[in-house]
Amino acid sequence: MFSHIDYHWIKPSFNFVDIFCIAIVLVAFRWTYGVLVSCYQLFRYIAFDDIVKDFSTPERSERWKGQDFGSFPNGWIPVSESQFLEKGSVQNVQVCGQEIVLVRKLNGEVQAMDAYCPHYGANMSKGKVIRIRGEDCLRCPFHDWSFRTDDGVCVDVPYAKNRKPPEGVKIRVWKCIEIHNFIYVWHHSRGKEPTWFPNRIPEIDSGDWVYHGRSEHTVNCVLEDIPANGPDSAHLNIVHSRSVLCGGVLDENCNPLLNILHHRWEAAWEKCEPPMDHTAISWLEGVTTCFGFDLVYLSIKALQIGPTSVNLLFKSSAFGMEIKGAYIQGINPIGLNKHKIVHQLYLQRRLLSPFMSRFLLLGEAVMLERDIEIWNNKIYLKSPILVKEEKQIAQFRRFFSQFFDHERKVVDVRPDDW
Ligand code: FES
Ligand SMILES: [Fe+2]
């Protein structure tokens, strides 16, 4: 009965132009979807999220165990931050493969001591800060023995005769300082005293630059790979050239609508002379371009201080506006080849600084995550094959070996004038 129906009208009859138009619509949809997802992620980050990411795995942490470049550095190690330690509180932290506790005394000073009680091995981080005879003490949570925070000496055993502790009982106390919201302890594998201290930033001391947040990344690599980022200028225009909007994954398939920005870098590195030979300086000039036009300029002077700290001062300008500030980088080698990298951001007092700080923290985290993808998966070569244009890497490796106790056997195949 339907034989009179002409089905001809529903037959597909696409021509080349139709297919082309559909393809354009699909590609445009895909790009737009990518942009919307990125905008949402950016909004979510700006509105709510802190950047705290752990890229480490137990397998990666173990992979170089027992090899001579896997030891811990000597120097001031940033183990925590001021905001995590209130007056009268105790914090358990790891540093260079050891457990320690940080104690904020009732007068606000910070002390650091071994985490485990010499009486019966309890972890002191659950202990209490109390005052005995006018001195701050840390009371162990297990049997209430109390240890003076200034020198670790046991001063009270509540159930002993006259409350008198056995002779000579004490907890090891670590040298500790607090600068610009970082809490540092001095680590030296042969017990040597500090010969230098972390540098202060005058603009932060004066209150001109104020704290605007932090990022935290946990990574697996040889410690040297992280500060080697400064002298390794060749990687900058490869790893860090794609638009920051493309994110922290080293993926060629960046959405073309997001990839309209491009970053161009020039860098130099130099170690400092005695008595500042525990420091080195990186200079970095960056330009963000859009369709070939220069938009944003970034000037960086980064002071590497010892093995695990960097004061990175920057000046950024765009459309006639300029802002200055600093990232302070602190790396805590919490275990062999496992490090916690913290960046704290300080900015000039400006109306827009709270808003800009979110983009600056995100931009820095994105660039760092590209490095992390390389670091987390690379091996450590004692004698990499360098060309003369990379002589700064060879100089850096010699500089960095001073922070390790044993001879790290940096194999020099380069001529002396490098
Ligand atoms: S284990 Fe600390 S008081 Fe006993
Ligand atoms: Fe890098």
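**Exercise 1.** What percentage of the contacts in the protein chain with a separation of 6 or more is accounted for by residues 24 or more positions apart?

*Solution.* Start with the term: two residues are in contact if their C-beta atoms, placed from the backbone, lie within 7 Å. Residues 24 or more positions apart account for 56% of the contacts with a separation of 6 or more.

A note before we go on: this is a predicted model, in which local features need pLDDT of at least 70 and side-chain atom pairs count only at pLDDT 80 or more, while totals for chains, interfaces and linings use all residues. Residues are numbered from 1 along each chain as its sequence is written, and chains are lettered from A and ligands numbered from 1 in the order in which they are written.

**Exercise 2.** Find how many helices and strands the protein chain has.

*Solution.* Helices (H or I, at least four residues) and strands (E, at least two) are DSSP runs, numbered from the N terminus. The protein chain has six helices and 19 strands.

**Exercise 3.** Work out the order of the open sheet of eight strands, and name its edges.

*Solution.* Two strands pair if DSSP finds at least two bridges between them.

- Step 1: E1 (residues 51-54) pairs with E13 (residues 209-220) in the parallel sense, over four bridges. Asp-54 has Thr-218 as its bridge partner in E13.
- Step 2: E13 and E19 (residues 338-348) run antiparallel, joined by 10 bridges. Here Val-219 is partnered by His-339 in E19.
- Step 3: E1 and E14 (261-271) are the edge strands, each pairing on one side only.

**Exercise 4.** Explain why one side of E3 and of E10 is left without a neighbour in the sheet.

*Solution.* Four strands form an open antiparallel sheet in the order E3-E4-E5-E10. E3 (90-95) and E10 (173-174) stand at the edges with a single partner strand each, so one side of each has no neighbour in the sheet. E3 pairs with E4 (residues 98-104) over six bridges, and Gln-94 stands opposite Glu-99 in E4.

**Exercise 5.** Follow Ile-100 of this model and list some of the residues that it touches.

*Solution.* Not counting residues up to four places away in sequence, Ile-100 touches several residues, including Val-93, Val-95, Trp-174 and Val-185.
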